Each structure stands twice: as structure tokens, then as C-alpha cells.
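Dear colleague,

I am handing over a structure that I have been reading through, and I would be glad if you looked at it alongside the notes below.

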Amino acid sequence: MIKLHSLIILCLTVGLVTSSLLTDECLSCLRQKKKGDKTCRWNWGNKSCGTYHITKEFWLAAYERGYSYETCTKDDFCAELTMMSYFRRYGERCANQLNKESYQLTCGDYIRLHDGGPDGCSRSGTLAASESIERCMA
């Protein structure tokens, strides 16, 4: 009974975090931008897998385990949990780089983290992706 109770609390907590970090609309825009399928490919010397093009470095930094890298990234639910974990880990850093509070981060800000790594919000090379997501969200 205690394990079931803990699982329910975990699911509710993850659900709350999901709704504040990655809305369905944001995820839909990310899928459109990434144009991903469930395969792995090499881009600019990095292997990325799944709908959201998650690299192994991103997956490792997110601390999401339970499945292998390729299994997780090819499963949308696991990949989305991985992204949420990564965004929780680096969201405050991103907010500081953008002179915002964490709660003010947008889907476009999260794509900057996704594409540019922990310092992606301070990299000008991630602005086009952010603008693309923001247009999709409008």
C-alpha cells in the first residue's frame, strides 16, 4: 500500500511539473520543429534519437534512467520525462542568463536549453529555434 501511495504521489508531482514546464502545445511545437521519427541519426557529429532528437549527453545530464538511452528516447513518454528533468535541472540557470525568474521561462526558452545545452539560453545560435517555437505557440 505504501508503494502504491508513493507511486501516486510521484505521478501527481510529475504531472504538475509537466503542466508547468511542457504544455501539450509546447510539445506539439517541439515535435513539429524537430520533425522527428523514432530513429537515431547523426547531426553535426552528435547522435540524437527519437521524436525530440535527444543526445546521449542530454539524456545523461537529465538523470533519467530506467531504460537504455535509445529505448527511452524512442518512447515519447520517457523522452518527455527526460526533457522535463533536464529543464528542471538547468531552468534556473537559463532564467539567470535571460534575466528572468524561472516561472517566466517560455517554451522558446526551453528549446534554447534543449538545442544549446546548459548555457543554451545565452547562446545567440539558439535564438532562431526559440523564435520558431514562439511563432508556433502564437
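**What was found**

Buried residues, meaning those under 20% relative accessible area with a 1.4 Å probe and protein chains only (exposed is over 50%, and partly exposed lies in between), make up 39% of the 138 residues in the chain. Please keep in mind that this is a predicted model, in which local features need pLDDT of at least 70 and side-chain atom pairs count only at pLDDT 80 or more, while totals for chains, interfaces and linings use all residues. Residues are numbered from 1 along each chain as its sequence is written, and side-chain values use heavy atoms, with hydrogens and water left out.

The mean pLDDT, which is the predictor's confidence in each residue on a scale from 0 to 100, is 82 for the chain, and 83% of its residues reach 70 or more. Over residues 1-19, however, pLDDT stays under 50.

The chain has seven helices and three strands, these being DSSP runs numbered from the N terminus (helices H or I, at least four residues; strands E, at least two).

The structure also holds five disulfides, each a pair of cysteine sulfur atoms within 2.5 Å. One of them joins Cys29 and Cys136, with the sulfur atoms 2.0 Å apart; this pair links distant parts of the chain, since Cys29 lies in helix H2 and Cys136 in helix H7, 107 residues apart. Cys29 counts as buried at 4% relative accessibility, whereas Cys136, at 27%, counts as partly exposed. Another disulfide joins Cys72 to Cys78, and both of these cysteines are buried.

Methods: Contact = heavy atoms within 4.5 Å.
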